[in-house]
Amino acid sequence: NSIADIFTSCVVALTNKRLLIGQKRVLWGSFYTQITPDLYNDLELYKGLLFGRLSIDTVKEEVIITNLDKNALDEIETAISQFMMKEKQKYHAKKEKAN
């Protein structure tokens, strides 16, 4: 979280296999992150006065998305959590079946 965050745009896409996050800085660089259900651990929300923050904890890293409309956070959390839990169950079922 820094003042430079206002110069960053972000797109989050929920596909049928993973969560994709693309971030582009206005002046330099871009970041692309994908989170598969098997690597997903937890999701945490923070609601401020005007904006909110989403923190996604994975096995490898923590992904933080800031400057989100605080009114949209509940819907975002529901969509990501439901998808990840459903797909994580499928992943574990496939893994058990393979053993």
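A pocket is taken here as an open set of points, on a 1 Å grid over the protein atoms alone, with protein on both sides within 12 Å along at least five of seven lines, and its lining residues have an atom within 4 Å of a point. Grid points are joined across faces, edges and corners, and a volume is the space filled by probe spheres set on the points. The model is predicted, so local features need pLDDT of at least 70 and side-chain atom pairs count only at pLDDT 80 or more, while totals for chains, interfaces and linings use all residues. Residues are numbered from 1 along each chain as its sequence is written, and side-chain values use heavy atoms, with hydrogens and water left out.

With these terms in hand, the second largest pocket holds about 220 Å³ of space. Its lining is made up of Asn16, Lys17, Thr36, Pro37, Asp38, Glu87, Lys90, Tyr91 and Lys94. By class, 5 of these lining residues are charged, 2 are polar and 2 are nonpolar. In this scheme Ala, Val, Leu, Ile, Met, Phe, Trp, Tyr, Cys and Pro count as nonpolar, Asp, Glu, Lys and Arg as charged, and the others, Gly among them, as polar.

We turn next to the overall fold. The protein has 6 strands and 1 helix, where helices (H or I, at least four residues) and strands (E, at least two) are DSSP runs numbered from the N terminus. Read from the N terminus on, the order of the elements is β-β-β-β-β-β-α. The C-alpha trace spans about 50 × 30 × 20 Å along its principal axes. Accessible surface, from the Shrake-Rupley method with a 1.4 Å probe, comes to about 7,200 Å², and 53% of it belongs to carbon and sulfur atoms. Of the 99 residues, 26% count as buried; buried means under 20% relative accessible area, exposed over 50%, and partly exposed in between (1.4 Å probe, protein chains only). Among contacts (heavy atoms within 4.5 Å) with a separation of 6 or more, 35% join residues 24 or more positions apart.

The interior comes next. In soluble globular proteins, nonpolar side chains tend to be buried together. A nonpolar core is a set of buried Ala, Val, Leu, Ile, Met, Phe, Trp, Tyr and Cys residues joined through side-chain atoms within 4.5 Å. The largest such core has 14 residues, of which Ile35, Ile56 and Ile80 touch the most other members. At least two residues of this core come from each of strand 2 (19–25), strand 4 (40–47), strand 5 (51–58), strand 6 (62–69) and helix 1 (73–98). Helix 1 gives the most, with 4 residues. Leaving aside neighbours within four places in sequence, Ile56 is in contact with Leu19, Ile21, Ile35, Tyr40, Asp42, Leu43, Glu61, Glu62, Val63 and Ile80.

One of these partners of Ile56, Leu43, belongs to strand 4 and counts as buried because its relative accessibility is 12%. Strand 5 contains Thr58, which is buried at a relative accessible area of 8%. Beyond four places in sequence, Thr58 is in contact with Ile35, Leu39 and Asn41, while its C-alpha lies 17 Å from that of Ala79, 21 residues apart in sequence.

Two asparagines complete the picture. Asn67, in strand 6, has a positive phi near 60 degrees although Asn67 is a residue other than glycine. With 38% relative accessibility, Asn67 counts as partly exposed. Asn71 sits in the loop between strand 6 and helix 1 and is exposed, its relative accessible area being 64%. A C-alpha separation of 17 Å is found for Asn71 and Ser81, which are 10 residues apart along the chain.

Key: On a 1 Å grid over the protein atoms alone, a cavity is a set of points where a 1.4 Å probe fits but cannot get out, and a pocket is an open set with protein on both sides within 12 Å along at least five of seven lines; lining residues have an atom within 4 Å of a point.
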